[in-house]
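Subject: Structure for you to look at

Hi,

Here is the structure I promised to pass on. Please open it next to this message while you read.

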Amino acid sequence: MTTQPARTTEPKWKEPGELPPASARDAAAVVGDVLLPVLAGGVIVRRPLAMRAVEKTGWDRRGIERVRGLRERYGPDPLRFSARGRTYALVLEPEDAHRVLSGTPETFTPATWEKRGALAQFQPHGVLVSGGQERAARRRFVEEVLDTPQPVHRTAERLTATVRDEAARLLGEAERSGLLTWDAFQDSWWRTVRRLVLGDAARDDRTLTEQLQQLRSAANWSLVGPRRRDLRATFLRRVRSYVDQAAEAERSGTGERSGTGGAAHSLAALVAATPAAPGADPAGQIPHWLFAYDAAGMATMRALALLATHPAQAATARAEAAETALEGPRELPYLRGCALEAVRLWPTTPLILRESTEETVWRDGTLPAGTVFVLHTPYLHRGEPAEPYGDTFTPGLWTGASEWAARANPALLPFSSGPAGCPGENLVLLTVSTLLATLLEAHTYTLASHPGLNPSVPVPATLDHFALRFRVHRDAVRRDAAHRDAAHRDTAHRDEG
Ligand code: HEM
């Protein structure tokens, strides 16, 4: 008598070895409390009304608490759930987040279907949505232009001058009205960004920014929204025209130059001057930079809000800003820490997604190829109950001896990490810290908009940046005194020498 092999009646996900999914109730809770607030707020461009609602209802805090509760009940393995026919896994353990990010792009590709659908609206050839050889060529090119490992970018001198020039105009308006609002800041910020990325000729090209905003709005709908192909073509042509202008200026010898050994002025000029491997599409990388600089603007205003409400940290920040003249480029470690804290507390990429290219093995089982791993950074950045920094504003976390520990902490991912981590981090921190130093140089700020932000209570999980409003006070005496002190120190040093 032959023995029939035992027939399994189990559904595929219960095959021995595969991690079980969350219960239907918990899966719904993940969608409702973790994914929806992020999707509602706008993944690619934030929506003002939705941001206000998310802040008012404390939805983000609920999301953090939800993930913490799931981690306690289900244990450390990624928690599997399905949505719209796709398999997702919510990463609950910082070490697993590290594994996913360091295994990018071979085992965990950043070019997920969801991201490709969204970002193709305005950056079809961006490195983040590329794979294989093209990704490698694009990443190399981007790192080269952005000076990824360097805390002070080769164009820092011109960057500093541009940031200070635009900030002076912004502060002039703020002094007249007594107020600094998000709308005023945003106008000034985009002028700065266009000059830094595309060159001075783009300073007043608001149309380009508006086109990008429209494409980003369409991208918020990922794959379900209509493609804006004509608008995309118009926008990309406009971006390329600035690179062509920079290349032409270089050829004819009329290119603007900074004082730093003849380095070209804008990132577009560097794009034109940097050799690229086939498939890199140099100008095609620029839309991501413009888009991502928006997040740096949010981080700047949020850091200012933290400083306006935390006197002790503000005193250290001001002392750093006053240490030497700000006219030249400087590394400002404490102000960089403030920017990093703004992004840790309110991540501008609340969901980092990676899609597995093969089956992956975890502590208690496997997950199939094609699983989308979801890293919920608001939870990872604050959710570890043992960590003292959780809900507090702690710029010192990122300075001096502490920095090494923060960088090694797998839960802290303000700029992601690993081979697809943000190649613009240093450039962003230079830009934001320079702007913050300029804003603090001779002015103080009272936050007029968010009474819930103060050092005696946990930092709220959402800060609607659109609603930020500061009362601005000119503080000439302190700056003059600081300059006098700096001059005095310089003289003393010279005398000692
Ligand atoms: C506060 C500002 C910024 C933050 C917090 C930030 C954070 C991040 C994060 C979390 C990622 C990973 C995204 C993912 O895997 O889905 C990323 C990727 C990236 N960022 Fe940034 N970013 C910022 C600004 C910038 C700027 C200004 C640039 C360029 C000038 C830039 C260039 C890039 C690029 C090219 C990638 C894709 C890297 C790759 O796929 O290899 N970022 N950034």
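Below is what turned up, starting with the ligand and ending with a pair of helices. Please keep in mind that this is a predicted model.

The ligand site comes first. The ligand is surrounded by 24 residues, and the closest of them are Lys115, Arg135, Arg139, Arg354 and Cys422. By class, this shell divides into 16 nonpolar, 4 polar and 4 charged residues.

Some polar atom pairs may interest you. Arginine 135 has a side-chain N or O atom 2.5 Å from an oxygen atom of the ligand. For arginine 354, a polar side-chain atom is 2.7 Å from a ligand oxygen atom. Histidine 288 is placed with a polar side-chain atom 3.4 Å from a nitrogen atom of the ligand.

Which elements supply the shell? Helix H6 (132-146), helix H12 and strand S5 (351-356) each provide at least two of its residues. H12 contributes the most, with 6 residues.

H12 also packs against another helix. It spans residues 286-309, and its partner H14 covers residues 333-345. Their axes are 8 Å apart and cross at an angle of about 105°. Angles of 65 to 115 degrees count as roughly perpendicular, so H12 is roughly perpendicular to H14.

On the H12 side, the contact is made by Ala299, Arg302, Ala303, Leu306 and Leu307; from H14 come Leu335, Cys338, Ala342, Val343 and Leu345. The contact has 9 nonpolar residues, no polar ones and 1 charged residue.

Best wishes

Conventions: Residues are numbered from 1 along each chain as its sequence is written. This is a predicted model: local features need pLDDT of at least 70, side-chain atom pairs count only at pLDDT 80 or more; totals for chains, interfaces and linings use all residues. Side-chain values use heavy atoms; hydrogens and water are left out. Axes are lines fitted to C-alpha atoms, for helices over the stretch in contact, and angles run from 0 to 180 degrees between N-to-C directions. Helices (H or I, at least four residues) and strands (E, at least two) are DSSP runs, numbered from the N terminus. Angles under 35 degrees count as roughly parallel, over 145 as roughly antiparallel, 65 to 115 as roughly perpendicular and the rest as oblique. Contact means heavy atoms within 4.5 Å. Ala, Val, Leu, Ile, Met, Phe, Trp, Tyr, Cys and Pro count as nonpolar, Asp, Glu, Lys and Arg as charged, and the others, Gly among them, as polar. A residue is near a molecule or strand if one of its heavy atoms lies within 4 Å of it. A polar contact is a pair of N or O atoms within 3.5 Å; within protein, one must be able to donate a hydrogen and the other to accept it, and residues adjacent in sequence count only if both atoms are side-chain atoms.
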